[in-house]
Amino acid sequence: MKRYYDEYHQGGAGASSFVKDKNIPLNDISKALFIERYLRGRILDVGCGSGFDVSYFHSKGCEIEGCDISEIAVEHAKKRFPGLKFFVHDFESSKFDKKYDTICCFEVLEHILDYQSFLKNMAASLEERGRLIISTPNIFGLRSYLRLILRDGTVFGIGTSDDSHIRFFSVDTLSNTLIKAGFRIVKVKTFSTSRIPCPSGWGGSIATVCEKS
């Protein structure tokens with residue numbers, strides 16, 4: 001896994017638009033503004049990649065650090081944002097000794113093989129009643145339906161799917177997974193990941209705010 005994401009952040013192995021700097025936090029400013037309302041205390045961005053989202057939330061006054069499984073990603077983040085803290089850690093394997101008030105995990109859970117240990121270790125790294133904010137693709141989003149029906153991800157500029165995704169979630173399955181991991185759901189919202197307008201709940205990305213029970 002580490003080797004894959006080292007290559008990923010060097011521009012290979014299924015590198016996606018999330019690796020490229022678009023100067024748009026979370027690739028969706030409306031999602032970033034939604035999440036910003038729920039950030040509090042000491043914050044950790046798990047799977048921070050090149051560090052742009054950490055830099056964005058820091059610019060909004062947040063006390064935030066970033067970590068990633070990839071040493072290459074962390075090296076890039078440190079070079080781009082030398083005033084911020086980034087480090088290497090694998091939450092799938094272990095918790096982190098330092099505890100945080102909020103842990104963010106943007107478009108990462110769908111890549112994790114042992115997602116139960118991943119969530120358990122993040123929970124163990126949160127303060128009591130600490131907050132976890134997760135975003136992940138919505139398998140029941142309009143974009144996913146169009147991919148399935150058309151069988152051509154290039155139609156309407158939707159783009160091809162990322163072959164590194166090994167987990168797929170709906171709003172309900174993500175909420176149930178988080179509840180089983182010991183969290184209480186606070187707020188759920190979906191966001192469109194394309195220029196195609198869609199009804200509420202059909203957005204291509206799910207953002208879920210929850211608290212450690």
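Biologist: Which residue stands opposite Cys104 in E4?

Modeller: Strands (E, at least two residues) and helices (H or I, at least four) are DSSP runs, numbered from the N terminus. Two strands pair if DSSP finds at least two bridges between them. Here Asp45 is the residue opposite Cys104 of E4. Strand E1 (residues 42–46) runs parallel to E4, and three bridges join them. Keep in mind that this is a predicted model, where local features need pLDDT of at least 70, side-chain atom pairs count only at pLDDT 80 or more, and totals for chains, interfaces and linings use all residues. Residues are numbered from 1 along each chain as its sequence is written, and side-chain values use heavy atoms, with hydrogens and water left out.

Biologist: How many bridges pair E4 with strand E5 (residues 126–137)?

Modeller: Six, again in the parallel sense. Tyr100, for instance, has Leu126 in E5 as its bridge partner. With helix H5 (residues 115–124) between their names, E4 and E5 make a right-handed β-α-β unit. Right-handed means that, with the strands pointing away from the viewer, the path from the first strand over the helix to the second runs clockwise.

Biologist: Why is strand E4 (residues 100–106) described as largely enclosed by the rest of the structure?

Modeller: Buried means under 20% relative accessible area, exposed over 50%, and partly exposed in between (1.4 Å probe, protein chains only). Six of the seven residues in E4 are buried, so the strand is largely enclosed.

Biologist: Now for salt bridges. How many does the structure hold?

Modeller: A salt bridge is a side-chain nitrogen of Lys or Arg within 4 Å of a carboxyl oxygen of Asp or Glu. The structure holds nine. One of them joins Asp101 to Arg42, with the closest N and O atoms 3.7 Å apart. This pair links distant parts of the chain, since Asp101 is in E4 and Arg42 in E1, 59 residues apart. Arg42 is partly exposed, at 28% relative accessibility.

Biologist: What is the partner of Arg129, and is that partner, Glu211, buried or exposed?

Modeller: Arg129 forms a salt bridge with Glu211, and their closest N and O atoms are 3.2 Å apart. Arg129 lies in E5 and Glu211 in strand E7, so the pair ties together parts 82 residues apart in sequence. Arg129 is exposed, at 52% relative accessible area, whereas Glu211 is buried, at 6%. Salt bridges that share partners join Arg40, Arg129, Arg131, Arg184 and Glu211 into one network.
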